[in-house]
Amino acid sequence: MQRKLSIMIGLLVLVVVLVVVLLMVFQKDETTQEAAVIGEPVEKEAPVKQIRVAEQVPGLITPGVWDGQVFSMNSSIYEYLIEINAETGELDPVLATSWETNEGKVWTFKLRQGVKFHDGSDFTAEDVKYTIERTQDPSLGHLKKTDFEVVESVRVVDDYTVQVTLKEARPTFVYLFTDYNMAILSSEYDYASLGESKPMGTGPFMMSQLVPKESALLKKNPNYWAEGLPKIDQIAIYFVGDIDASISMLESDRVDVVPFITPEIQQRVDGIDGISVISPYQEQRFISMRVDEAPFNDNRVRLAFKYAMDPKVIARSTAKMELNDGVFYNETPIMNMLAEYKELPLRERNIAKAKQLLAEAGYPNGLSTELYYASDHPFGKELSQTVKELAAEAGFDIELKGYTRDVYLSQYWLNVPISITGWGGRIDPSMLLSLAFKGGGPWNESHLDEPVLNDLIEKISSEADPDQRMAYYHELQEWFYNNGPLINVQVPYLVAIKDNVVGYRQPLTMLPQYKYMDIL
Amino acid sequence: MKRLMEMFLRRLGSLLATLVVMSFVIFLLVEIMPGDVAQMILGQSATEEAVAALREARGLNDPLLERYGRWISGVVVGDLGDSIYMQGVSINSILWRKVGHSIILAMTAFIIFVPLSIFFGVLAGVKEKKPTDSIISFFGLATMALPEFVSGVILITVFAVQLKWFPIVSVIPIGESIWQNLNIVVLPALSITLVMFGYISRMQRSSMISVMNSDYIRAATLKGMPRRYVIFRHALKNAMLPTITIIGMNMGWLFGGLVVVETLFGFPGMGSLLMTAIKTRDVPLIEACVLLITVIYSVSTMITDIMYSYLNPRIRYQGGQK
């Protein structure tokens, strides 16, 4: 017995010695590990007010080619000429204090004075000119290139006035500046080589430390122009690839905010004390039918498909929510929450009618088709499954084809009979119309090329009179209701958040406004 | 000794050949992965123009062999290139930090499971068919049958959620190093231990039994040698051989393949880095990670072979005693 005991003790001592040796060996490595950290080392003082966020691992983050991950990081470092007020939906002046136009062709922006970039340089009209002209840089592949092709010239009137002349009238041109890729950049900063590792703008927070693929620490900008903002001292952002791990961090009080969660995750955190799920805005899921090929080239087939749908069932089974209470449904590209939306009667489910329409179109025994979707996108699986089952009763035999988002987008999207694609909301829907529903548009997933529609879209983007423009919008929606290849399901963008974080604001532009947030 | 040296050099040569072949295979495999890197990087709002510009800027349009040549010539001099995302941020600065974390995790797991499983394996082997043996064997089988994502969840539930001894997620708070947060290593290491314990202890047990039944042990026992002496001096050295092979074969996995464990615990090591790299199609980073894992596998196999032949003269002197 004593022998065994001594063996056990011997083993234990061995383990302890090994641990100590290893610790000593690795302690020396500390310096090399520190070298991996970009930026200044963190001070050891306890932070006063900090909000911790778990976000996806970022892809490209330089504005212009920013892929729309890590919104909390970029929206805090960079700023825009204008922003959307998350509460009223109106335009708020940020780096521009005012703007005016003569019928949408020449735009004059007055800029805010006394604003400094994080590197200490002054913000002037040159920076705005640089930011706009940068969109057309062919080597960059700027994501807003098409939108800004309409710009003829940018003139610096004085240090704080910029005049933009367009090739043709664009009465809603100013909304383009709310796009997340249109952050105002410094004309003197080398974004090509530093944009990814040392992002720099005029925003309320400055990058203090960035550990690639792991975390970022943003500190309050001491020279921020708006008095009393930001309310917190720093934002700590963890890049977590796995949404379940992010939620575990929230549950174990490692983070305070987890954006972009799925309905399943929402159910998991529901009922946990101190954590709520909020939905700052809606996103769109377009169910698009391809109209230049059978079977959806026949409007009767499209109508049959729409008659087979049941909006209430879609809302419940996709997002576990009631229709018009979190989930919205229509058959046009205009979101229900926008002023341009025209309320058309909700199509009641009518299987008999759907079957009749299919028979008239030459499919008395139903038809087979394929539906493609991004399986790793929130609501993708749930929505496609629901659509498949609803359509089956009317005689649509749909084969579901789910792929990860990059595979879906690069290999199938734009070339399939039915697709479900996520679309961010646009505060000015005309931007979306010419890209996705006009003949020749780059993201024309339903392959529409209807003269009536093309004409309407053209009129909407150039009409200066708001009332007339609204009339065109209504006409467009009626066209879609009667002939369109589209079902627009609007699902909530969900954010899991601690109850002690107050003032969470995130408008339709998807840019959270951390400067207004506070932690109790 | 000369033979050992000769063998070492021969093994080293074949190791290098393996690495060259593997580097090309890795490069090709990543190449044929579905999905387009540029599209992936730019997301849905990417226009064709933007994708084309990015492909050009990152040199993705160059011929395959040219890109392979560029990559491998960098690797040879220790430059793993830039991450496809963070331009200007070298992979070296991302990778080695995570490798450091992974080594700490692997070492911790190693010093827990190796003595533990060998000790209990020997105990079970010596006490064959007695209750001690049954209990150890049952426990070993049970933990072996549980995949790490199940045992991991059990560990989290018991030690993190219920007892609150360790954190639920193995995250290093921003601005701190792993040394200030060593408690994050414990649960992942235990999870690995549970996977490895059954495997190694059973191997140790069966080889112990066969050695204990061999003639020379019986002779040693019969001539009146103390049992402890017989077990530790005579039996253990021979009974360790298969165990060492198994441990060696798993070293690669232990240092680089802990994708499931690291993802489950959110541990910032090489496994989760590889996972992130694959998810985001960060091609240079995937290649760097996989190549490193290949190196670890090859080197650990080589070390195992050398140790094996050191412990087993029959292999060392294969050509006959000179």
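Residues are numbered from 1 along each chain as its sequence is written, and chains are lettered from A, with ligands numbered from 1, in the order in which they are written. Because the model is predicted, local features need pLDDT of at least 70 and side-chain atom pairs count only at pLDDT 80 or more, while totals for chains, interfaces and linings use all residues; side-chain values use heavy atoms, with hydrogens and water left out.

**Stop 1: the domains of chain A**

Colour chain A by its domains, whose bounds come from an automatic or database domain assignment. Domain 1 covers 59–194, domain 2 covers 216–280 + 495–519, and domain 3 covers 282–493. Next, select residues 91–439 of chain A, where UniProt (unreviewed entry) places the feature "domain: Solute-binding protein family". UniProt positions are given here in the numbering of this model, feature names are shortened, and annotations may be inferred rather than shown by experiment. That stretch of chain A is 27% helix and 28% strand, and its end C-alpha atoms are 31 Å apart. Helices (H or I, at least four residues) and strands (E, at least two) are DSSP runs, numbered from the N terminus.

**Stop 2: domain 1 against domain 3 in chain A**

Show domain 1 and domain 3 of chain A together; their C-alpha centres lie 32 Å apart. Their contact (heavy atoms within 4.5 Å) takes 12 residues from domain 1 of chain A and 11 residues from domain 3 of chain A. The buried area, meaning the accessible area (1.4 Å probe) that two parts lose on being put together, summed over both, is about 990 Å² for this pair, and carbon and sulfur atoms give 62% of it. Select Pro171(A), Thr172(A) and Tyr175(A): in domain 1 of chain A these lose the most area to domain 3 of chain A, together 41% of what that side buries.

Between these two domains there are 0 salt bridges, a salt bridge being a side-chain nitrogen of Lys or Arg within 4 Å of a carboxyl oxygen of Asp or Glu. Polar contacts amount to 1 residue pair, with both residues at pLDDT 80 or more. A polar contact is a pair of N or O atoms within 3.5 Å; within protein, one must be able to donate a hydrogen and the other to accept it, and residues adjacent in sequence count only if both atoms are side-chain atoms. The side of domain 1 of chain A that touches domain 3 of chain A has 5 nonpolar, 3 polar and 4 charged residues. In this classification Ala, Val, Leu, Ile, Met, Phe, Trp, Tyr, Cys and Pro count as nonpolar, Asp, Glu, Lys and Arg as charged, and the others, Gly among them, as polar.

**Stop 3: backbone details in chain A**

Centre on Pro230(A), in the loop between β10 (215–220) and β11 (234–239) of chain A. The peptide bond from Leu229(A) to Pro230(A) is cis, with omega near -10 degrees. Then move to Pro295(A), in the loop between β13 (275–289) and α9 (299–308) of chain A; the bond from Ala294(A) to Pro295(A) is also cis, with omega near 0 degrees. Finally, select Phe260(A) in strand β12 (residues 257–261) of chain A. Although not a glycine, Phe260(A) has a positive phi of about 60 degrees.

**Stop 4: a salt bridge in chain A**

Over all chains, the whole structure holds 32 salt bridges. One to display joins Arg505(A) and Glu87(A), whose closest N and O atoms are 3.5 Å apart. The partners are 418 residues apart: Arg505(A) lies in the loop between β20 (501–502) and β21 (518–519) of chain A, and Glu87(A) in the loop between β3 (82–84) and β4 (91–93) of chain A.

**Stop 5: chain B**

Switch to chain B, which has 14 helices and 0 strands. Its C-alpha atoms fill a box of roughly 85 × 60 × 35 Å along the principal axes. The UniProt annotation "transmembrane region" (unreviewed entry) covers several spans of chain B, including residues 12–30 and 138–161. Residues 12–30 of chain B are 100% helix, with end C-alpha atoms 27 Å apart; residues 138–161 of chain B are 92% helix, with end C-alpha atoms 27 Å apart.

Colour domain 1 (2–76) and domain 2 (91–321) of chain B. The area buried between these two domains of chain B is about 1,900 Å², of which carbon and sulfur atoms give 79%. There are 0 salt bridges between them. On the side of domain 1 of chain B that touches domain 2 of chain B, α1 (2–31), α2 (37–42) and α4 (64–76) each supply at least two residues, and α1(B) gives the most, with 13 residues. By class, that side has 16 nonpolar, 2 polar and 2 charged residues.
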